Amino acid sequence: MSRLRVLLLAPDANPESICGSLIGYCQAQALADLHDVTLVIRSTGGEPLWRKQSAIHSLEVISLVRVERFYDWMLRRVFKSNYESHALEACRYPFHVAFEWQAWRQLRRRIMAGEFDIVLRLLPVTAVMPSPFAFFLRNGPIPFAIGPINGGLPPSPGLSRARNSRQWISGFRNAYRYLPFARSTYRHAAAIIAGSSQTYAEFAEHREKLFFLPENGVGRSVYSCAVRGSERRARLELIFVGGLVARKACDLALRAAAPLLRDDLARFTVVGDGPERGRLEQLARSLGVERAVSFCGSVRHNEVLERLKSTDVMVFPSLRDFGGGVVFEALALGAIPVVVDFGGPGDIVSPAVGYKVSLTDEANVVSQIERILRDLAEDRDLLERLRQQGMAYAQECLTWDAKAQVLTKIMHWALRRGPKPDLPPPKMLQAKHAA
């Protein structure tokens, strides 16, 4: 396919950050290997990108000094740097609109002069953040695409309020449809890329231009350390990686693993920190498994990868996870994922590469995971088969480079330069690979 001139909107893309900012940078970098990418960013993100050797063609920095100062003040003083606050997400709307408005003013002449083939908005990932660019480009001269977008998991009736972690403002989520530019964003977009089955269903009315592509990906640095030994250990090595908060449900993982831990058939490593740590350590003592459980706290990303590489099973019963990037890394490094079939992890894991348990109630989730772990401890041939299939699946379908190839096909279709990509819908990507 021909090399495109892509104007990429990702204001917070940052190679030195985490979550959405890192997702934006990694995907931009992979796209830049295939196309001439002009990355549009906030002025506060320029230095990390300039320090990083990159294939990105050029950076377009949008400077809104007063707006950014006010946003930073609000983040620190009002929200106490709580990035998980849904109210913070809602308050970002005027700041993001101001960013895209200024970006349009700064780039309009170049767009109209034909310097770019297409605009792709990568960030923010949340589906409730409209894009003025879709409205500005409603009559051309180039198409606008958006995604992967994500968000909006409904509460589960089988979980407690703490597990669902629904904040008061979540009830107003659907009100975003009435914000300026909200309806025009998806009406005028040439392509909409959903990052999860939930988001895919939410935008079903746009099915003729709707595609599924996972939000997260696996970088080349992961594969550089993916070589594993072939030894068979006496004990099953289990791991949990994530924030120690109620919705991540590390306690369910510990309860499910307890029988194997008491029988000295497994060891459990908990990587991460958070307000639940003290309660989890007490739970390990009450279950009589504290000697078989190691709490490592927060560690550097490279150490996380090394630990995953030496692990047999990643028990990750997170009950509200949109992307589940650690599941991608576990698959790539040969750690068999055991996840709950809800949100992003449930879209990625299949019986060919791991396990996903139905989300009913907490006791039943524990029972399902306990049975899975017992089967894996007793059948190491099954464990090794799943490991090899998972690593092959991740390398073929879940890398940033593989995602860039899919995005390329979508952009060529939006430009009417190629056929519509025949992409599997959510929960069918793994089945297609397994077949």
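Two packed helices are described by the angle between their axes and the distance between the axes. Here, an axis is a line fitted to C-alpha atoms, for helices over the stretch in contact, and the angle runs from 0 to 180 degrees between N-to-C directions. With that in hand, let's look around this structure, which is a predicted model.

**The protein as a whole**
- The chain folds into 18 helices and 13 strands.
- It has 435 residues, and 57% of them count as buried.
- Take the contacts between residues at least 6 apart in sequence: 73% of them join residues at least 24 apart.

**A pair of packed helices**
- Helix 15 covers residues 362–378, and helix 16 covers residues 380–397.
- Their axes lie 5 Å apart and meet at an angle of about 100°.
- Angles of 65 to 115 degrees count as roughly perpendicular, so helix 15 and helix 16 are roughly perpendicular to each other.
- On the helix 15 side, Leu376, Ala377 and Glu378 make the contact.
- On the helix 16 side, the partners are Arg380, Leu382, Leu383 and Leu386.

- Phe70, Trp73 and Val78 together make a nonpolar surface patch of about 300 Å².
- One of these residues, Trp73, sits in helix 3, which spans residues 65–78.
- Is Trp73 buried, exposed or partly exposed? Its relative accessibility is 38%, so Trp73 counts as partly exposed, since that class lies between the buried limit of under 20% and the exposed limit of over 50%.

Methods. Residues are numbered from 1 along each chain as its sequence is written. This is a predicted model: local features need pLDDT of at least 70, side-chain atom pairs count only at pLDDT 80 or more; totals for chains, interfaces and linings use all residues. Side-chain values use heavy atoms; hydrogens and water are left out. Patches are made of residues with over 30% relative accessible area and no salt bridge: like charges are joined within 9 Å, nonpolar side chains (Val, Leu, Ile, Met, Phe, Trp, Tyr) within 5 Å. Accessible areas come from the Shrake-Rupley method with a 1.4 Å probe; for residues, only the protein chains shown count as cover. A salt bridge is a side-chain nitrogen of Lys or Arg within 4 Å of a carboxyl oxygen of Asp or Glu. Helices (H or I, at least four residues) and strands (E, at least two) are DSSP runs, numbered from the N terminus. Buried means under 20% relative accessible area, exposed over 50%, partly exposed in between (1.4 Å probe, protein chains only). Angles under 35 degrees count as roughly parallel, over 145 as roughly antiparallel, 65 to 115 as roughly perpendicular and the rest as oblique. Contact means heavy atoms within 4.5 Å.
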